[in-house]
Amino acid sequence: MSYYFTVLSPTDVPLFNIAFGTSKSGGDGIARFRFPDTAQYMNQFIIHSSLDVVEEAQWMNGNMYLKHIDTYPPASAYISAFLTPSGARFLLLHQPPQLPTNASSATTGSSSLLGSSFSGSAGSSSRASASSVAANPTSPQTEEAVRQFMTEVYENYVKTVMSPFYRQGMEIKSSVFRSKVTAAGRKWL
Amino acid sequence: MTSPGDAAPVKPPPSFSPGVPRVASKTRYPNQRRDSSPSLDADLGDSRLRSSPTPPLSATTSDLPIRSASPRPQSFRSSTPQLARSSLGSPVEGRFEGSEEIRSLIIRSFSPVVGVCASADTDELVRQKGFAGGFWELIRPFGENIPGKIVIRDSVGASRGWEDFGVRFVDLAGKTPTPNDSSAGRSSSLAQVEDVLDKQLGSTDDPLGGSLRPKDFLSFPTTSPLYKVFLRQLLSISSATPHETFRHPVASIIAISSRNTAPLETLRQLYADTNNGNKKVPDWVHPEYLRYYVLVHDEDRDDIAESTKLYDQMKRHFGLHCHLLRLRSNQCVVTDDDSAQVPECEWQSPAERLSGRIEPLVDLDTNGLLYLFESDVMAIKAFVRELVAQSVIPYMENRVAVWNDQVASRRRGISGRFMSMSRRWAGFGSGSRSSLTAGGASGNYDLSHGYYKADTPEAVLRKMADFAFMLRDWKLSASTYELLRSDYANDKAWRYHAGAYEMCAVSMLLNPSAIGTKMKLDGVDQMFDTACYSYLTRCSDAPNALRCLTLAMELLKSRGGSAVESAARWAMRAMDLGLVGPIGQGLFSERVSACYAARAPVSGMKWGSRHRKAGMWSVFAADAWLRLGKPSLASASLEEAERLYADVLDADGSFPMPEMQTFIDNLRHAVKVEYLEARGLDTRDETTTAEALGTEETSEKLDRRRNRKSLIANPLDLGGLGPAQGPRDNDNAANDDFERA
C-alpha cells in the first residue's frame, strides 16, 4: 500500500505533501505508486479531482473524519478525507500494491497515464490477511486505521499552526511536523 | 502566450491569464481557418455561451461578480488556435439536447431487419440504374429513416408515434456466420472499428472542418462527431447471432420485375428458396417471418397495364402484403433535371465501411455517388413507408401479442412458476419438450452447438422481448428479459444469459416512466456488471462487452443526477479492460469528462458538481490525443478542460498544485508545438517561432499607441499631420510618437 498525504488550505493550495509506503506486514515504508516516476502528478490530479466530492461530503456528514469518499478506479486509488475547523483539509490517497498482472499490457502501451490494471485491487487480498490494512482499502479496519492516523496528524497540525512563526496559509515546512506525520504513518498505516 | 518560454512552471498558463486579448489567436494564425464563417459561428456560439444563463441560484451566491470578472470569457479560446467545442452550454441544456440525440441513436440501432430476396431480372433492372448490389442496395438507404410518424401500439394498447423509426434491409443471400466461427471473426471487429476511426481521422485533412466538425456551432454539439461515428460503428458490428434476435429477419421482401416471363412461378420459387433453399435461415432463426411481395415495374420499357394486371393477380394469390413499385430503368446522372442524390447509408458495419468508398467528399464527381430520379425516390419512399407502417409493424405487434398470450403469460402466472420450478428440481413436467438432459437444465439448450432451437420457449420469449424492444415497448421487454434470465443461467447458456441481463438493464433505462431511484439504479448496475462478466469472462466476446459497457455509460449519463457517476465508472471500466484501442481511449476519456460535466451542482449551492473530475479527464483526453499525434483534437480537449476548470480555479487560472501546473503547462506547450508543426511551421528553431509569434504583439502595441495619439495629439498639430498620413505613420518605429508627444 502506498500513501500520499496532503494538507490543503481552504483555497485548495497544498500546504504539506508527503508520500510514504506501508510499514505493516513487512513493508519498508517507501511509496510505490502505480504510475511511472514521470507521472507523479497523477497523485495531485486525483487529489484535486476528489475535492468535488469532499465539498459535497462535508455538508452531508457531521464528522470531521469523512472516511473513504472517492475512488479513482483506473489506478484503484482511494481517497479519505478529514476536515479541520480552519477549513484546511487532510486528504489521504491510498493505493493497494500492484500485483504483477499482464492486464496493463492489454492497453497496448498507448497511455501510461490511464493504462493500469483494474484487476489489481481485486486480487490483492491474496497477499495479506484480511485484517491487514493493506488488504482492503474500504474495510472497516482500514477506515479505523486511517481515522487514527488522521487524528494524530490533526493534533500535530494544531500544534504546528499555533507556532508564532506560522501564519495561516503558509506552507508547513516544519521538519518536526514532517517527522511526526511519518511516525504516525508508520504507526497506523 | 505564444513564446515557448511559457512552459516554464512558474508562469501561469497563458490561456488562464486574463490579459490576453482574444483577437490574438485569430490574427496570429491567419491561415488557420479555411474560411471566415466557422470563426464567425464560433464567435456567435461563444457569445451565446457567455450570455447563456448561469444557474439562477448560483447567481445569488457571492461568486457572481467574481465570475463575471473571471478569465473564462477571454481565455476561452486563446490557449490554442482552435474552435471551441463546448460540450455543455449550461448544465441543463447540455444534458438534454445531447443525450436525446445519443438516445435516439441507440434506439435506432436496434431497428427491425427486413431481408431482401430479389429475382435475377429485378437485380438486372436495378443494375442498369447503376447499383451493382442489385435491388437490396437500391432500397437500403431508404429504410433507415422512414419519413413521417410511425404509430406503434404497445402491449397495453396505448399508441405512440415515433419520428425516427427505421428498418434495416439486409441481403438474405449474404452469408450469415455460424455461431461457432462468430466469436473468432468478431473479436477482430473491434479492431475494425478502430480502423474506421483512424481512417475517419486521417481522411479529413483538417479535422476542424469537414465531416468531423458540425457546422452548427450555435446548437452546441454536445458530443464530438467522431464519437458518434464510433458509437454507430460499435452498434452496427453485430450480425445475426443466436443469442439475440435483433438481426434476425422480421420480414422478407420478395421482389420480381415486370420483365419476368413467369412471374408467379418465380415468386413461388423465391419463397421456396427462403424456406429451404440457399436462403434458408439457420436453425436458431425463427423460420416464420413475414413475406412481402413486390412487383417492380419498369416505367421506361414495360406497359403499365400489363403490370397492373399482374399485380392484381399477385394480390389475389398472396393477400395484402404486396406492392407495385414503379421505377425507371434508365440510369440517372447528375445532369438530369430531376436527379436526386442517393442518401448515404447510416448503418454500415465496420467491415463495409472499410471496404467501401473512402469518403464522399473525396470523389465528388466520379462514379462514387449514385443518383436517382426524383420520381424513383418518391416511389421507393412510399413503398418503404407502406411496407413498414402497414405490414411490418402490425405483424410485429401481432406476434408480440400472440406470444405474450401463449408463452409469456403462461410463464408469468403462478402455474408457470410452478412448472419451471418443478422442471428445475425434478426434471418432469416439461410437456412437449424433448428432455435430453437431466438436472437443472431444461434440455432445450443445445450445448454442442451453443444455441436454442427457434421454436423452444426460451428462444420464442427472447424473440418476443426483442420484438417488444424494437417496437419500443420497453416495459414489456424488460419484464420478459427478467423472466428469461434465470432460465439461461440454469442452462448455462452464458451468451444468452449475458444478452438477457444487458437488454434488461437497457430496457429499464430506456423506459421513460421508470425514473430511477437509487435502489433501481443499483439493480441496473448489478445487471450490467453480470452481463459484462458473462460476455467477457465466460464467452470472451469483447465486442458485445464493449457494447454493453457503452450502452450502460450512455444511458446512465442521459439519466443525469447521481447516475452519471456510475456512467463514468462504466466508461473507465471499458478502458481498463482494454476493450478500446488508442483512439477509443481518447474518446472514452472525453466521454468520462462529459459524464462528470453533466452532473449539475446542488441547487443553490456551489458544490455538488464534478467540474474538477471532468476537467481532469479532459486533460487526460488531450494527453491521449497528443500521443496519437492529433494536436487539433488535443487542443480541443484542452480547451474543454480550461472551460471546466474555470469555475474551480481562482481568478488567475493557475492550479494550486505545482506538479499539476507543470504537467498542464508542458501539455499545452506540446500541443501548440505539434499543432504548428502540423501546420507546416518549423518549430525546431525555437527563436524563429518566438519571433514569428512575437511580431503580432509588438504591432499591437503600436496600434494602441497610434490610437492614443490620434486621440490626444491630433488636435495639437492638425496642420502638420494630415489624416491621410496617419496610417503610414504607424509603420514607423514607436520612437517617433514619443518624440512628438
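**Note on the predicted model of chains A and B**

1. B:Val151 has B:Gly161, in β3(B), as its bridge partner. The model in which this pair is found is a predicted one, and the points below should be read with that in mind. The two strands concerned are β2 (residues 150–153) and β3 (residues 159–162) of chain B, which run antiparallel and are joined by four bridges. Together β2(B) and β3(B) form a hairpin with five residues between the strands, and in this hairpin B:Gly157 takes a positive phi near 95°.

2. Chain B as a whole contains 27 helices and eleven strands. Of its 741 residues, 43% are buried. When the contacts in chain B between residues at least 6 apart in sequence are considered, 74% of them join residues that are at least 24 apart.

3. Five strands of chain B make an open sheet, in the order β4-β1-β5-β6-β7, with parallel pairing. At the edges stand β4 (168–171) and β7 (322–327) of chain B, and because each has a single partner strand, one side of each is left without a neighbour in the sheet. On average, and with direction ignored, neighbouring strands of this sheet are turned by 30° against each other. As a general point for reading such a sheet, side chains in a regular strand alternate between its two faces.

4. Within the sheet, strand β5 (residues 249–257) of chain B runs parallel to strand β6 (residues 290–298) of chain B, and seven bridges join them. One residue that can be followed here is B:Ser252, whose bridge partner in β6(B) is B:Arg291. Helix α10 (residues 263–276) of chain B packs on the sheet, where it touches β1, β5 and β6 of chain B, and its direction makes about 150° with that of β5(B). Helix α5 (residues 120–128) of chain B also lies across β1 (113–118), β5 and β6 of chain B, but α5(B) runs at about 80° to β5(B).

5. B:Arg472 is not a glycine, yet its phi is positive, near 70°. B:Arg472 sits in the loop between α15 (457–470) and α16 (474–491) of chain B, and it counts as partly exposed because it has 18 C-beta neighbours inside 10 Å. B:Ser540, likewise a residue other than glycine, has a positive phi near 40°. The loop that holds B:Ser540 lies between α18 (518–538) and α19 (542–559) of chain B, and B:Ser540 is exposed, because 10 other C-beta atoms lie within 10 Å and the limit for an exposed residue is 12 or fewer.

6. Which helix of chain A gives the most to the side that touches chain B? In total, 25 residues of chain A are in contact with 29 residues of chain B. Helix α1 (residues 41–60) of chain A gives the most to the side of chain A that touches chain B, namely ten residues. The residues on that side of chain A divide into twelve nonpolar, nine polar and four charged.

7. Part of the meeting between the chains involves α1(A) and helix α24 (residues 658–678) of chain B, whose axes come within 8 Å and cross at roughly 110°. The two helices, α1(A) and α24(B), are therefore roughly perpendicular to each other. From α1(A), the residues A:Tyr41, A:Gln44, A:Phe45 and A:His48 meet B:Glu659, B:Met660, B:Thr662 and B:Phe663 in α24(B). The residues of this contact divide into four nonpolar, three polar and one charged.

Methods. Residues are numbered from 1 along each chain as its sequence is written. Chains are lettered from A and ligands numbered from 1 in the order in which they are written. Two residues are in contact if their C-beta atoms, placed from the backbone, lie within 7 Å. Ala, Val, Leu, Ile, Met, Phe, Trp, Tyr, Cys and Pro count as nonpolar, Asp, Glu, Lys and Arg as charged, and the others, Gly among them, as polar. Two strands pair if DSSP finds at least two bridges between them. Axes are lines fitted to C-alpha atoms, for helices over the stretch in contact, and angles run from 0 to 180 degrees between N-to-C directions. A residue is buried if 20 or more other C-beta atoms lie within 10 Å of its own, exposed if 12 or fewer, and partly exposed in between; C-beta atoms are placed from the backbone. Angles under 35 degrees count as roughly parallel, over 145 as roughly antiparallel, 65 to 115 as roughly perpendicular and the rest as oblique.
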